[in-house]
Amino acid sequence: MKKPKLSFWQIWNLSFGFLGVQIGYSLQNSNTSTIFESLGADVSQLSYFWLAAPIAGLIIQPIVGLFSDETWTRLGRRIPFILGGAVISAVALALMPNASLLLTLAPLAMGACILLFMDLSFNVTMQPFRALVADMLDDSQKTKGYVVQTFLINLGAVAGAVLPLILTRFGVSEEAVPGQVSEHIAWSYYIGGAILLLTVLVTTFRTREYPPEEFARYNDETPEEMREKTSFVELIRHTPKVMLQLGVVQFFSWAALFLMWTYLKSAITGVAVNHQTGELLSEGEVQTWVGVLNGIYPIPACIASFFLTGVASRWGNKPVYALCLLSGAAGFAGLCFTSDQYALMLPMVGIGIAWAGILAMPYSILSRAVEARRMGVYMGIFNFTITIPQIIVGLTGGVIVEHLFGSSASAMIGLAAAFMFLAAISVLFVRDR
C-alpha cells in the first residue's frame, strides 16, 4: 500500500512547529556571542561556547531518534518528543538573558550551563521533525515535504533575527549595561520562547501520525518487524553508503556556517560603516546589524525553496545541491570585500541560496535510502555530519584565528568560503538513486 497523498496544509502542519523552534535557534545564532561577551568572554573564547550546540546534537539526536522509532503512543511516534522538548526550550530561552543575575559570582559558567540546557532541548524538539516528514509522506511527496519544512525554518530564522530590531522600533532599549544583556535581546528571547511553544502545539494537535499497523502496511512490514530492536552498533555497521558520501558534503558546508555564526559580528566590527555618514557603526549598532544580516539570508532561502522541488525534479537533486553551495561560497567571499552596511546584504543572498539547499537536498536524498522503521535513528546519526564539523571548528577556531590569522575574524569568513566551495565539489561524489 502507498501512503495517502497529503494536502499542502497537512504537509504545512507537519513542520509548523519547526517555525517556532527556528525562531529560538535564530535568536541564539544571532546573539550568543554578544551575550557571552557581555558576561566577560573575549573573541578567542567564543568558539568554545558555541560548542554547546553541536555537542548537544551529537549526543541527543541519535538517542531521540532511536527512542522515537520504538515509541508508539496515543499522541503518536514523534509528537511526544517534539512537545516535551518545546516546553523545556521555552523555559531555557527565558533563563538565558538572566544568566548574570542567576549566578553573579560565575556568570560565564551559568551562561554556558543554560546554553547547553537550551541546545539539548532544541535538539529533542528538532530531531523528530525530520523523521516525521519521512514517516508521513510517500516518496513522491518527500522533496515537497522537506522544501516546505525549509521554507518554515527560514521564515523562523528571519523572524528570530529581526525580532530585536523590531523591538527597538517600539522603543525597547538596545543599550546594554556592563555585565548584563540589553533589554531588546532579553525581550526577544521571552517572545521567541512563547512563539516556539504555540507553534509546536499547532503541530501536536493538527497532525495525526499513523498507528503501528497502518504504518507497517504502508512500508510492507509487519507490526512485529516495526517493533524489532537493533543495537546501535549494528545500526552504525549498516549505515547506508549514501549517508557517508553526504557526510563529506555536510562536513564542509556546516563548518562554513559555523564560522559565519561565530565570527560574523567580530568580522564586521570596526569595518562596517553607516551607509549615509560613512562612519563606523557603534558596538550596539553592529550587534543589531548582525541580527539584520542573519535575517537576510533566510529570505532568499525562502524564495529558493519555492523553486527547489520543480528544478530538482527536472535536473536532479545533485546539480541543484551543488549550485546552491557554489552560491554560498561566492557569498562568503563577498563578505570579505564589503564594508557598507547595506552592501553587506548582497553576499547574504548567495549564502541564503546555499542554506536552502543544505536544509532540503540531503534529507530528500537520504530519506529514500533508509528503512522506514529506522528513519528516526538514522536521521539522528546523520546529525553527526552536522555536529562533528562544528565541534572540530569550535575546538580549533580559537587557535586558527589567533595564531594563523593574527586574530582576524574576517580571515575566518574567507576560510568559510573555501569550505563551502569544497562542499560543492563533494556533491559530485554522492550516489543519488
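## A buried ring pair

Tyr297 is buried, with a relative accessible area of 4%; buried means under 20% (1.4 Å probe, protein chains only). Trp355 is buried as well, also with 4%. Their ring centres lie 6.0 Å apart and the planes meet at 85°, so the pair is edge-to-face. Here rings of Phe, Tyr and Trp (its six-membered ring) pair if their centres lie within 6.5 Å, with planes under 30 degrees apart counted as stacked, over 60 as edge-to-face and the rest as tilted. Tyr297 sits in the loop between α13 (283–296) and α14 (298–315), while Trp355 belongs to helix α16, 58 residues apart. Helices are DSSP runs (H or I, at least four residues), numbered from the N terminus.

This is a predicted model, where local features need pLDDT of at least 70 and side-chain atom pairs count only at pLDDT 80 or more, while totals for chains, interfaces and linings use all residues. Residues are numbered from 1 along each chain as its sequence is written, and side-chain values use heavy atoms, leaving out hydrogens and water.

The whole structure holds 20 aromatic pairs. One cluster of linked rings is formed by Phe8, Trp9, Trp12, Phe16, Phe151 and Phe306.

Definitions and conventions. Helices (H or I, at least four residues) and strands (E, at least two) are DSSP runs, numbered from the N terminus. Buried means under 20% relative accessible area, exposed over 50%, partly exposed in between (1.4 Å probe, protein chains only).
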